[in-house]
Amino acid sequence: MTDKINLLNLNQKELEDLVISLGMKKFYGKQIFNWLHKKIVRDLNEITNLSLKDRELLGEKAYIPFLNLLRQQVSKIDKTEKFLFGLEDGHTIETVLLRHKDKRNTLCISSQVGCPVKCAFCATGQDGFIRNLDVNEIINQVYTVERRLVKQGSNINNIVFMGMGEPLLNLDNVLKALDILSNENGINISKRKITISTSGIVPNIEKILLEKLPIELAVSLHSAINEKRDVIIPINRAYPLEDLYAVLQEYQRQTKRRITFEYILINNFNVSDTDANALADFVHDFDHVVNLIPFNPVANTEFERPSDKKIDKFYTFLKDVRKVNVTLRREKGTDIDGACGQLRQKGAKK
């Protein structure tokens, strides 16, 4: 750890204020931002349009952080890549790169170390909550993978906050990271290409509305019956389905963006006809897509994956009878743990 200023925690204005305080001209702040967030330099000496004297002065006060790659796994099935990163304080987070058949790349990133929501089916929640990620720890997941992709003649096209943690409980840092990632002087990923997954933190969805951000929203629903959702997602007791429904209606009215609902299929819990009808009733008035994800076993839980017959019945009923816009991940799709969309379920281990 160091008492120097972490440059990746600063947005463009803050960088401009920093260089002015060091006696440099304001426009150097924009130039440094470009080097940090577009060219993704790792060393201040790479900022060659700064004089050696200015680089030395900046180096006395500030530094460029990086993540320590501890482990990387590549799926032999679909080339999905999982990165285990070490943070400066010794904790770890996971990041997952999904490679699509059309050559696009989606990066699934974490927002917290651990998770305070403690969903009953989630390994990350069982591990407990440690802390929020700083802005630099959020965006450095993107930059570390982007540097690798650029060398391969590719880049990141989409970002999803669906890794460890509840993004809306680290809202300030997530929003600042979004501002930096979408800055035209940086990596310039459109906010419309960024998805935030949430268990339903109603007040902070309202804050996103106030910011008028054109992001995609994915809601970890998993049951449309309050009594059942209370059991598997304790935050539902504070923000029940009625409140979540109301704020999502307002979100869609203002943004005109389609909402994704994630629904993990758990045997003998949320796969009955009653559950399917409740789900269909909840999503009916939204421009929506429902992603059905069969449960993957997690240690220290009694939950089980439904049989293929039950899974198909639930899917077919929603699709053909209730006319829900629904998808089903029939195959596992990857041979590594923690693929995006299941990180919230499986989590990362230290």
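1. Which strands does helix α11 lie across? Helix α11 (residues 308–321) lies across β12, β13 (288–294) and β14, and runs at about 160° to β14. Angles run from 0 to 180 degrees between N-to-C directions, with axes fitted to C-alpha atoms, for helices over the stretch in contact. Helices (H or I, at least four residues) and strands (E, at least two) are DSSP runs numbered from the N terminus.

2. The model is predicted: local features need pLDDT of at least 70 and side-chain atom pairs pLDDT 80 or more, while totals for chains, interfaces and linings use all residues. Residues are numbered from 1 along each chain as its sequence is written, and side-chain values use heavy atoms, without hydrogens and water.

3. An open sheet of mixed pairing is formed by 10 strands, ordered β3-β4-β5-β6-β9-β10-β11-β12-β13-β14. Because β3 (68–74) and β14 (326–328) stand at the edges with a single partner strand each, one side of each has no neighbour in the sheet. Strands β11 (residues 216–220) and β12 (residues 259–265) pair in the parallel sense over four bridges; a pair requires at least two DSSP bridges.

4. Helix α10 (residues 273–283) packs against α11 at about 35°, with the axes 10 Å apart.

5. L248 is among the residues with the most contacts inside the largest nonpolar core, which has 108 residues. Such a core joins buried (under 20% relative accessible area, 1.4 Å probe, protein chains only) Ala, Val, Leu, Ile, Met, Phe, Trp, Tyr and Cys residues through side-chain atoms within 4.5 Å.

Methods: Buried < 20%, exposed > 50% of the residue type's maximum accessible area, 1.4 Å probe, protein only. Contact = heavy atoms within 4.5 Å.
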